[in-house]
Amino acid sequence: MSVRHVVFLESNLTGSGYEAIAAARRAGHRITFLTRDLPMYLAPGHERLDLSLVDEVVTCETNDPDAVVAAVRGLGRPADAIVAVGEWHMISGAVASRALGLPGPDPDGVRAARDKSATRLRCAAAGVPVPGFARVERPEEVYGLALAYPCVVKPLDDGGSNGVRLCRDMDEAADHVRLLLKDTHNERGQRKIPAVLVEEYVDGPEVSVEVLVRGEEAAVLAVTAKELGELPYFCETGHQVPAALGSGLDEQCADVAVRSLRAVGFDFGAAHVELRLAAAGPRLIEINCRPAGDRITRLVALSTGVDIPAELVAMYLEGDDPRPLPVPGRHGAAAVAFLPAAQGVVTAVAGAATAARQPGVVDVGLYVEPGTRVPALPNNTARYGHVVAVAPSGREALRRARTAAQAVSVSASV
């Protein structure tokens, strides 16, 4: 393939965005990184962008699709693709790509996936199993809902488990709705939908399904088992691939995920579909119309041989001669364990080298250093780092990752 020009529209901070940039660099393409806040990607507290992978950084208001279109038109070389991998800019990327005649998903499908209430309505209408739910705009509406308790209250269009909480009764649910409605903008400065989702709590294991979609084609690459922290929050503490659920559950999860993507109209790119396993079978929790974060794409590559970010970049550049979607192989299992962070200022970090020498460990990543201030946030950003390990089974890989993570010590002062 000849050298192409790929514009990356922002990124997430949990692996797959940076992996996509690295994949484009390995393929020899020119890379422009479009952002409204470059310093955010270079700050401690999360994975950081390697600027050596980028040919050019252009600053513009990436939350505005019109500004993205203008910025791309102003580049010295025409863009062959605009690739958005982070949750927050999937809509901007889809709209800008459509305006410029570049490949990308239908913006309507992306909007439906980003709005959890629209996802529920479309999926329920298509017969996809979803929890009972309601979209509320005022705290008082909670008292008229015919939902059992405990229930889950969450923002309609946030991410990273931010604001997601289990509520035991109507009063607690109404209080949390009130709190969420006060938070009018997300971490990227975008105005949130001024409503909240209240839904039935599905008391069962959580999994995700990793999918590539092109038109009517859908390739299910993996089912991921997800580890969560203590309720009432839903912070993710680790993952393993494959989930290997048995009893036909992996196939059921794959079926629900593909049907949900078709129901919302998502027709191009990577998807990370989250489900919960109820006694009666899988229930859709949410659709993320982008690759999984949290190093899950790395786990999929290690366990199946399929590099999702690299495949995604190739899809954007294949033109009128698409190659077949990838078929996952079997290469053992992989898992990631996260190092949960506590509020305070980091004073010392030790043990990373020891962790890296543990059996099966293939990656140790630290997001903090002495002087890093860690806020008190009950979501997936409250982490010091991660450990990735491989093994013959997912359960053993997760055990290895957790054991190695215990070798890392982080000291902090409040």
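Colleague: Which residue meets Glu19 in a salt bridge, the side chains being 3.9 Å apart, N to O?
Modeller: In this predicted model, local features need pLDDT of at least 70, side-chain atom pairs count only at pLDDT 80 or more, and totals for chains, interfaces and linings use all residues. Residues are numbered from 1 along each chain as its sequence is written, and side-chain values use heavy atoms, with hydrogens and water left out. A salt bridge here is a side-chain nitrogen of Lys or Arg within 4 Å of a carboxyl oxygen of Asp or Glu. At 3.9 Å, N to O, the partner of Glu19 is Arg295.

Colleague: How many residues apart in sequence are the parts that Glu19 and Arg295 tie together?
Modeller: Helices (H or I, at least four residues) and strands (E, at least two) are DSSP runs, numbered from the N terminus. Glu19 lies in helix 1, whereas Arg295 lies in the loop between strand 13 (281-288) and helix 9 (296-304), so the parts joined are separated in sequence by 276 residues.

Colleague: Is Arg295 buried or exposed?
Modeller: Buried means under 20% relative accessible area, exposed over 50%, and partly exposed in between (1.4 Å probe, protein chains only). Glu19 has 17% relative accessibility and therefore counts as buried. With 11% relative accessibility, Arg295 also counts as buried.

Colleague: Which residues are linked with Glu19 in a network of salt bridges?
Modeller: Side chains of opposite charge can pair when their charged atoms come close. The network that holds Glu19 also includes Glu47, Arg295 and Asp363.

Colleague: What is the relative accessible area of Arg120?
Modeller: Arg120 forms a salt bridge with Glu199, the closest N and O atoms being 2.2 Å apart. Glu199 lies in strand 8 and Arg120 in helix 6 (residues 116-125), so the pair ties together parts that are 79 residues apart in sequence. Glu199 counts as buried at 2%, and Arg120 is buried with a relative accessible area of 0%.

Colleague: Why is strand 1 (residues 5-9) described as largely enclosed by the rest of the structure?
Modeller: In a regular strand the side chains alternate between the two faces of the sheet. Both faces of strand 1 are covered, with His5, Val7 and Leu9 on one side and Val6 and Phe8 on the other. The strand is largely enclosed because the number of its residues that are buried is 5 of the 5.

Colleague: Which residue in strand 4 stands opposite Phe8?
Modeller: Two strands pair if DSSP finds at least two bridges between them. Strand 1 and strand 4 (residues 81-83) pair in the parallel sense over 3 bridges. Opposite Phe8 stands Val83.
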